[in-house]
Amino acid sequence: MGVPDQLAERMSMAEQHEYLRARFSRRTMIRGGAVTLGAVTGGAFVPGAVAQAATPTRTFASAATVDGSLVAPFGRHLAYGADARTEMTISWQVPVAVKKPFVRIGAHPWDLSRKIEAEVRTLYTPAGVGASGDHTQYYVHAKLSHLKPGRTYYYGVGHQGFDPADAHLAGTLGTFTTAPAHKKPFTFTAFGDQGVSYHGLANDSLILGQNPAFHLHAGDIAYADPAGQGKSADTGFDSRVWDQFLAQTESVAKSVPWMVSYGNHDMEAWYSPNGYGGEEARFTLPDNGPDKKNLPGVYSFVHGNTAIISLDPNDVSFEIPANLGISGGTQTKWFEAQLKKYRAAKDIDFIVVFFHHCAYCTSTAHASEGGVRQEWVPLFEKYTVDLVINGHNHQYERTDVIKGDKVVKKLPIGETAYPETEGVVYVTAGAAGRSLYAFTAPDSYEGHLNEVDSVASFINTKDGKVNETVAWSRVRYLNYSFLRVDVEPAPRGHYAKLKVSGIAETGDRIDHFTVARKAK
């Protein structure tokens, strides 16, 4: 990204950002004269963490020179608001600046009378910051509120000259469904580490067939930064990869809320001190986290009887420390407060936590993250978290029931875990599309069991890698896959269930187990 190797090696993300701003802001002013902020019709995007840095953009042609009827939106993706029952954000992209973007919604495709103004966030990347020449991207967002719970809505996105209510544009309409007001059965899906590839596209197709209420993407989303080391020296960085990713994902994300968490490949130093300025331009996530300036990917929402919490492990990662300690401990304090609140809530049975780096994994690439074990595993166990979903390691791996770093109960395929009295189950679902990693032990999955008593692995600590031999690796599958979770509520005093399945890109089931908890 333009920081010399010898400097990037010892710089934090914020230091790299400051270096790039100083270098490329000077170059822009010397080369092109005036540097303007927000010189694009429809507005400019300057996230809170970037405001003082003054994103350098050049003056562009007025949108008045573009015929809006010739510009079609693409890359639609949805996200819940903090209240998944009544709030939804519709996001999309346009290839050039447009005038007056908007969303139309209604209860029927022939009734899109409600029109909501949208916000344009422009993202400028100069030549030299990565692999491409100067370019600007235009991301559009419309926040919807006061929706009705459990209701399906039709919507269309447009701008001056392109109105989805026109009959000839009816094929551009999409739908979404808000979360229900009460406990109901539902399905959600999850994975991490997708990127742009045939395998990513295949997984999206299979996920759409599961008819999920929402999808969790546990970090390393598009891989515009292919290095992922929290260092800006890699010249392969190309922010346009995000546009390919959003186009690939649209088949699912235009109708299924695509809820992301941020990984190491999602830190991009040019845009903001925390590395997340680009993501803030592309995604609008629930705004109920502890620190939107530094940790925009930390939030929670509730769907039916299940609370979902997204964390940012870059804040606690010893392996890749570019953002280590960025929250000053506020993330962990907020996390515990959320766990305490949800455990006390009378209508919430399950708590699912998803984030990127693995607490427990035996991959030969990254294995386990000691910062996660140190900061968050004690809280998982204290508040009996029902399921932890990770990415980072490009494979499928599922643990036994763990407490205190030890197996408290073996969990063979098809069996049931009871977190209230036993411990926590961890799933690594990082085989969504990027190249696969490796295990030291043989694959062992449904229909192909090859169980071993122990597996050689390691954990990343503040002092480096430490070897460990573990007994908790129950299921291992080294091919492309994703996670499906069927949530089954129950009357009070009876067991509600999470029925968890690992699904291969072939459509075959590679794992299944149940998490059961007495319903409130």
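The model is a predicted one, in which local features need pLDDT of at least 70 and side-chain atom pairs count only at pLDDT 80 or more, while totals for chains, interfaces and linings use all residues. Residues are numbered from 1 along each chain as its sequence is written, and side-chain values use heavy atoms, with hydrogens and water left out.

I noted that strands are DSSP runs of E with at least two residues and helices runs of H or I with at least four, numbered from the N terminus. The elements giving two or more residues to this lining are S8 (174-177) and S9 (186-191).

I then counted 10 of the 13 residues of H4 as buried, so the helix is largely enclosed by the rest of the structure; buried means under 20% relative accessible area, exposed over 50% and partly exposed in between, with a 1.4 Å probe and protein chains only. Among the buried residues I listed Trp242, Phe245 and Leu246.

Last, I turned to strand S12 (residues 299-303), where 4 of the 5 residues are buried. S12 pairs with S13 (residues 306-310) in the antiparallel sense over 5 bridges, pairing requiring at least two bridges found by DSSP. Val302 stands opposite Ala307 in S13.
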